[in-house]
Amino acid sequence: MDFDLPLQEIAMSASAPDSSLLLTPLNALHLELGARMVPFAGYSMPVQYPAGLMAEHHHTRKAAGLFDVSHMGQLRLVGPDAAAAFESLIPVDVIDLPVGKQRYGLLLNDEGGIIDDLMFFNKGNNEIFVIVNGACKVGDIAHIQAQIGSRCQVIPMPEMALLALQGPQAVTALSRLAPGVEKLVFMTGGNFTVDTGAQKIEVFLTRSGYTGEDGFEISVHKDHAEALARALLAQAEVKPIGLGARNSLRLEAGLCLYGNDIDTTTNPVEANLLWAMQKVRRAGGARAGGFPGATKILAALADSTGAAAPKGTKKRVGLIALERIPVRDHTELQDGQGNKIGEVTSGLLGPTIDKPVAMGYVDAAFSALGTQVVAIVRGKPVPMEVSGMPFVPTRYYRG
Amino acid sequence: MAIKYTPDHEWLNVEGDTATVGITHHAQDALGDVVFVDLPEVGKTFAAKDVAGVVESVKAAADVYMPVTGEITEVNEALRADPALANTDPLGAGWFFKVKLSNASELDALMDETSYTAFSVNA
């Protein structure tokens with residue numbers, strides 16, 4: 001056998017931990033729980049616990065899973081001009097986002113390529129709370145500081161850990177310790193006190209996540225992260241979930257993984273993320289344009305909604321294999337005549353849908369739902385069909 | 001005859017001129033939940049070290065190498081239908097294929113259980 005990921009894991013588990021890796025505040029707890037640790041975004045992170053990826057995936061869909069996502073970057077933008085300044089970096093409506101609400105955003109470069117995707121929250125009092133990807137956070141913070149540091153304070157929050165509690169029973173488990181969280185709806189949040197019995201822990205949380213399930217993302221000071229995690233794991237519904245299941249859950253939910261499905265070579269039009277660009281920032285909107293790459297993005301948007309997309313335009317689509325053969329990242333996609341028309345960017349056997357699912361980029365001419373394409377897996381053709389996403393219905397709580 | 005092991009984490013159980021081949025407990029543990037196997041065609045001949053099959057978990061795919069030169073005489077259809085057998089019984093019901101040995105002396109280069117255990121701990 002020739003391993004890709006596992007061989008690294010074998011090497012990792014046998015040798016001394018790589019001392020160049022950063023540790024999250026929950027590292028000791030992960031080891032105590034028997035996690036298999038792997039390098040991810042510069043951190044030593046749990047890829048799975050002894051239950052295994054499949055069991056962890058199913059547990060999250062039926063009960064509640066606790067994820068350590070402390071590798072992600074948290075920062076605050078503070079000042080009367082913070083919202084307008086942040087709007088100059090993303091093609092998203094920041095100014096009109098009500099206090100107490102969260103929204104998805106995309107940092108763009110001057111060519112309209114995606115530097116990172118992120119979540120931001122209007123905390124009120126001229127403060128925006130932002131969560132960015134772990135692997136991108138150093139660059140993101142430098143970029144934001146350089147672009148808008150003169151208009152608002154850009155305050156990284158390395159002292160904060162981030163936990164996600166996801167699944168249909170997340171609200172039951174969390175509201176037991178933090179009454180009131182059950183009143184939040186999807187993409188809202190606020191400050192709460194978690195009473196573990198032994199101590200009261202102040203947290204900031206939102207009702208959101210990366211699994212397609214109802215759930216919460218909880219920002220907590222690193223000194224209290226382990227106590228919070230232990231209190232959550234003590235709830236009957238909750239089990240620890242590693243990055244492996246996080247990836248299969250997010251793919252079934254149709255959510256992009258930065259670095260796989262979107263990067264600086266893709267723009268929001270190609271990535272099919274137009275839902276993230278509110279009308280106010282599009283052509284004809286009150287604050288149209290005014291973000292990096294706007295001319296290019298708005299032109300691409302006009303083309304994509306016109307009679308025919310320009311030849312060679314690529315588009316991100318969902319794909320389901322018609323045979324039970326997993327189709328992985330970087331698999332070539334062809335038309336029926338053997339011409340290359342695209343590539344898979346994320347793919348695996350979805351544990352809940354119980355079919356091989358993928359997302360990838362295809363020539364726009366092949367992007368209509370139901371279009372058949374051919375994935376070349378180890379030299380053999382595997383038929384796939386362009387499918388809507390999510391692959392598994394999302395169960396966000398909208399009240 | 002005792003079970004032999006390869007540095008690529010396959011095992012062989014030789015009976016007469018035929019060897020049953022599978023992946024080791026260590027290999028299945030490293031891969032995690034196996035969801036797919038691709039098995040060779042019966043009657044096909046492979047050289048040692050040729051890729052004879054594939055085993056995939058949700059998180060990773062790995063090639064299965066032919067440990068010795070020979071012809072495939074049988075594949076495990078039960079494993080194809082239920083790939084999780086590679087996890088639950090890797091050295092038993094989770095076998096992959098049987099191969100008729102062309103050159104039994106190739107077995108001499110493979111590890112015994114003691115050597116493989118030491119190897120896999122340090123791999």
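Reader: Two strands pair if DSSP finds at least two bridges between them. With that in mind, which residue of β3(A) stands opposite Leu23(A)?

Author: In this predicted model, Leu23(A) lies opposite Ser44(A) of β3(A). The strands concerned are β1 (residues 22-23) and β3 of chain A, which pair in the parallel sense over 2 bridges.

Reader: In which sense do β2(A) and β3(A) pair?

Author: Strand β2 (residues 36-40) and β3 of chain A pair in the antiparallel sense, with 5 bridges. One of the facing pairs joins Arg36(A) to Gln48(A) in β3(A). The two strands form a hairpin with 2 residues between them, and there Ala41(A) has a positive phi near 55 degrees.

Reader: Why is β3(A) described as largely enclosed?

Author: Strand β3 (residues 43-48) of chain A has 5 of its 6 residues buried, so the rest of the structure largely encloses it. Buried here requires 20 or more other C-beta atoms within 10 Å of the residue's own.

Reader: Turning to helices, how many residues of α8(A) are buried?

Author: Of the 10 residues in helix α8 (residues 243-252) of chain A, 9 are buried, so this helix too is largely enclosed by the rest of the structure. Among the buried ones are Arg246(A), Asn247(A) and Glu252(A).

Reader: What do the buried residues of α8(A) pack against?

Author: They pack against β2, β3, α3 (53-62), β4 (64-68), β17 (340-350) and β18 (355-363) of chain A. After α8(A) comes Gly254(A), with a positive phi near 75 degrees.

Reader: What is the strand order in the open sheet of 6 strands?

Author: The order is β11-β12-β13-β10-β4-β14 in chain A, and the pairing is mixed. Because β11 (189-195) and β14 (238-240) of chain A stand at the edges with a single partner strand each, one side of each has no neighbour in the sheet. On average, and ignoring direction, neighbouring strands of this sheet are turned by 30 degrees against each other. Within it, β4(A) and β10 (residues 160-166) of chain A run antiparallel and are joined by 4 bridges; Leu66(A) has Leu165(A) as its bridge partner in β10(A).

Reader: Which helix lies across β4, β10 and β11 of chain A?

Author: That is helix α7 (residues 222-233) of chain A, which also lies across β12, β13 and β14 and runs at about 15 degrees to β10(A).

Conventions:
Residues numbered from 1 in each chain as written. Chains lettered and ligands numbered in written order. Predicted model: local features only at pLDDT ≥ 70, side-chain atom pairs only at ≥ 80, totals over all residues. Buried ≥ 20, exposed ≤ 12 C-beta atoms within 10 Å, placed from the backbone. Contact = placed C-beta atoms within 7 Å. Axes fitted to C-alpha atoms, helices over the stretch in contact; angles between N-to-C directions.
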